[in-house]
Structures are given as C-alpha cells and as structure tokens.
Amino acid sequence: MTDIRVIMGSASDIEIAKKVTKILKQFEIDYEVSIISAHRALSVLEDTMKKDDAKVYIGIAGMAAHLAGVMAGMTIKPVIGLPVGGTNTAGLDALLSMVQMPKGVPVATVAMNGGDNAALLAIQILALSDESLAQKLKDYKNELREKVIEDDKKLEGI
C-alpha cells in the first residue's frame, strides 16, 4: 500500500502536481501519481479507487473539478482536493466544486494551486500514526519559524 496517491484530472495539472511531489520527496513519503479524468475516464478512476491502495488521496483538478469529490465518494480514506486556478473564472469554479460537497462526502480542500499545503496536510494525516514523521513535521515547522525570524532581522535599518 502506498502512503499517498495523487490523481490529477489532466496533463495540464502537472506543474501543480510537481509542487505536491517535491514536498513528498522532501519528507521521503511513498507516493504514486496518475492522470485520470473523472469525466473522460470514469471507469479507469473507478478501477483505481477499487484498489483502495493508499492511506490518503489528493485529487488535483481545474474547471468543473469533480475529481476529488468522485474519489471521496468511492473511499472512506481522507481525500484532499487541490483546485487549479483557471482562466475563465480564475479557478473559482474548481474551488467551489471541491468545497461544496454534499453531506457525507467530505473533501478537505486547500487553496488554489496550493500543492505544498496539499502535500503537507496529507503528511500531517499520516503523522498521526507515525512518530518519526511527526518529528520531521516539527522540524519543518521549526525551519519555517527560523526563516521568519531571519527575515525579520533583515528589516533592521529599513
């Protein structure tokens, strides 16, 4: 079983998926990435979700972004929706498609194009039962804090 399965709706989402995988690699997380459209390849998505071979799923999609919701309808595992900002509505359609899920089919949704946070949320879920991973997250958060302190010191003399 893989830790995290990342599914994007089309090849146009690859740059956002790279943000996710960069963080997963940094934390040495086992993952798989696929392109499967909920609209154009539903049977492929159904076959993939029937395997139930991941602990956490991330669905990346833009426009009529039903991918994460369809995934959530096929599993009891956590699904994180990662909406992709588009040109017609600046991604608002994708965001609302993921956030406005019907009762009983939750999708945890991060910001548009927020691949880093999607990966980190998935890692936080895994860290609930993995103390070593939890420590890596604590170290990561400490590095973020130190960077802010360093940036603040650079303000002296402005």
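Author: Contact here means heavy atoms within 4.5 Å. This is a predicted model, where local features need pLDDT of at least 70, side-chain atom pairs count only at pLDDT 80 or more, and totals for chains, interfaces and linings use all residues. Residues are numbered from 1 along each chain as its sequence is written, and side-chain values use heavy atoms, with hydrogens and water left out.

Reader: What covers the buried residues of H1?

Author: Helices (H or I, at least four residues) and strands (E, at least two) are DSSP runs numbered from the N terminus, and buried means under 20% relative accessible area, exposed over 50%, partly exposed in between (1.4 Å probe, protein chains only). In H1, the buried ones are Ile16, Ala17, Val20, Thr21, Ile23 and Leu24. Their cover includes strands S1 (2–8), S2 (31–35), S3 (54–62) and S4 (79–84), plus helices H5 (115–127) and H6 (131–153).

Reader: Which residues are exposed on the other side of H1?

Author: Start again from the buried set, Ile16, Ala17, Val20, Thr21, Ile23 and Leu24. They sit on the same side of H1 because they cover an arc of only 160° around the axis (an arc of the directions from the helix axis to the C-beta atoms). Over on the other side, the exposed ones are Glu15, Lys22 and Lys25.

Reader: Which residues of H5 make the contact with H1?

Author: H1 and H5 pack with their axes 7 Å apart, at an angle of about 40°. From H1, the contact uses Ile16, Lys19, Val20, Ile23 and Leu24. From H5, it's Gly115, Asp116, Ala119, Leu120 and Ile123.

Methods. Axes fitted to C-alpha atoms, helices over the stretch in contact; angles between N-to-C directions.
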